[in-house]
Amino acid sequence: MEEVRVFPLTCAVQNYAWGKLGLDSEVAKLVLGGDPVAVVEEGKPYAELWMGAHPKGDAQIKDNRIAQTTLGEWIAHFPACLGSKVKDTFQGQLPFLFKVLSVNTALSIQAHPNRELAARLHAQFPEHYPDNNHKPEMAIALTRFEGLCGFRPAEEILGFLKSVPEFHALVGNEAAEELRCSVGNAVHTGQVLKKCFTRMMNCEKKVFVDQLNMLVKRVTEDGAAGKDTSSSIGDLLLRLHSQYPGDIGCFSIYFLNHMLLEPGQAMFLGANEPHAYLYGDCVECMACSDNTVRAGLTPKYIDVNTLCEMLNYTPAPASSKIFPCVQDASDPCVSLYDPPVPDFSVMRIQVPPSVKQYTVAPVDSASILLVIEGDAMATSVAALSDITLSRGTVLFVSANESVSLHVTCPSGMTMFRACCLL
């Protein structure tokens with residue numbers, strides 16, 4: 001039924017151990033909102049909701065009047081739904097994967113390769129790097145969201161080398177002095193940061209475990225005595241150590257910016273950008289890939305040498321890592337997060353309570369629409385019938401199709417829409 005080009009989806013839930021439990025998870029709340037008969041188990045982690053056609057989590061088409069059962073199958077049958085530019089550029093594939101994440105415990109010190117490195121890693125180690133695509137991604141906070149992103153300014157790292165002797169012991173006197181002398185020379189600072197970080201990450205396990213245990217003991221005792229432990233980022237250190245005891249990744253907080261995003265704020269994570277998610281709920285969009293290079297705070301495969309070699313070591317303040325959204329010139333309800341990659345863009349749509357009729361405008365790309373808050377009746381000439389929208393509803397909208405909403409919720413609506421704006 002090619003004439004059907006707008007339809008609801010049932011999306012895959014990933015129950016990774018780091019996810020929030022039960023109804024503490026935004027993922028679980030959205031699943032329950034989108035399907036009132038769904039069962040949410042209180043002690044079970046609900047980590048990710050996958051909205052897209054990725055083989056590991058291909059969304060199910062809700063309407064049984066459509067012959068294909070998954071979004072991937074439907075796109076393969078009707079690739080024109082992608083839009084002509086998207087279809088040609090990405091060889092008939094949906095180029096992005098849209099997600100909701102609910103993070104309870106830290107989610108690995110990691111980075112994603114560029115296309116060239118991704119192809120090489122996939123050829124050499126396909127069991128660890130399952131495809132040859134790059135994986136830029138963007139996280140947009142739904143609740144207060146905590147993470148690590150990019151290398152801190154050298155002055156901040158030098159401050160920790162002075163105030164945290166256990167950290168200094170892992171980096172070493174020579175590398176620490178080189179970093180101090182490099183301040184003011186951006187290129188040289190990046191080179192020295194690589195030396196410092198690589199030296200720490202390659203420490204013998206007994207050495208860094210001993211130093212970490214000494215640091216945790218000192219911070220714990222200082223905290224119990226009522227002393228200020230902020231110069232060691234004590235609260236975060238103890239939290240990470242409780243989640244991953246004896247893990248070298250606990251020391252990464254002294255190299256990487258500690259990010260606190262308020263709802264609606266975003267981080268863009270381009271190729272080779274070191275990062276970790278620590279706590280909170282976010283919408284995430286990424287190129288359709290599963291390539292991640294990890295080196296700490298994870299039980300998964302660790303590839304320290306690749307990570308240390310690939311990273312972007314340009315130091316920058318935390319404020320520079322917040323990715324700005326821009327107001328859509330033609331629609332005051334739309335804020336656009338448009339990263340410097342072709343694979344995806346994300347729109348946040350906030351319909352105020354005063355607006356009862358709203359049109360989701362057509363774009364020259366297939367898109368996926370997620371309802372975060374609010375209720376509406378959706379109509380489209382490209383849909384088999386009217387579609388009831390409520391919290392957790394996920395809608396696939398083919399290229400160049402519009403959807404009219406009759407908003408029934410007195411408090412308005414909040415939605416996110418992923419697409420590819422070439």
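This is a predicted model: local features need pLDDT of at least 70, side-chain atom pairs count only at pLDDT 80 or more; totals for chains, interfaces and linings use all residues.
Local features need pLDDT of at least 70 and side-chain atom pairs count only at pLDDT 80 or more, while totals for chains, interfaces and linings use all residues. Residues are numbered from 1 along each chain as its sequence is written, and side-chain values use heavy atoms, without hydrogens and water. Helices (H or I, at least four residues) and strands (E, at least two) are DSSP runs, numbered from the N terminus.

**Open sheet**
- Four strands form an open sheet in the order β19-β24-β21-β22, with antiparallel pairing (two strands pair if DSSP finds at least two bridges between them).
- β19 (357–360) and β22 (387–389) are the edge strands; each has a single partner strand, so one side of each has no neighbour in the sheet.
- Neighbouring strands are turned by 30° against each other on average, direction ignored (axes are lines fitted to C-alpha atoms).
- β19 pairs with β24 (residues 403–407) in the antiparallel sense over 4 bridges, and V360 has V403 of β24 as its bridge partner.

**A141**
- A141, in strand β9 (residues 137–141), is buried at a relative accessible area of 2% (buried means under 20%, with a 1.4 Å probe and protein chains only).
- A141 touches L261, E262, P263, G264, Q265, D281 and C282, not counting residues up to four places away in sequence (contact means heavy atoms within 4.5 Å).
- A141 and C282 lie 141 residues apart in sequence, with their C-alpha atoms 4.3 Å apart.

**Helix α8**
- The 16 residues of α8 (residues 186–201) should span 22 Å at 1.5 Å a residue, which agrees with the 22 Å between its end C-alpha atoms (the expected span is 1.5 Å times one less than the number of residues).
- Buried residues of α8 include T189, G190, V192 and L193.
- The cover over the buried residues of α8 includes β10 (145–151), α5 (154–163) and α11 (304–310).

How values were computed: Axes are lines fitted to C-alpha atoms, for helices over the stretch in contact, and angles run from 0 to 180 degrees between N-to-C directions. Buried means under 20% relative accessible area, exposed over 50%, partly exposed in between (1.4 Å probe, protein chains only).
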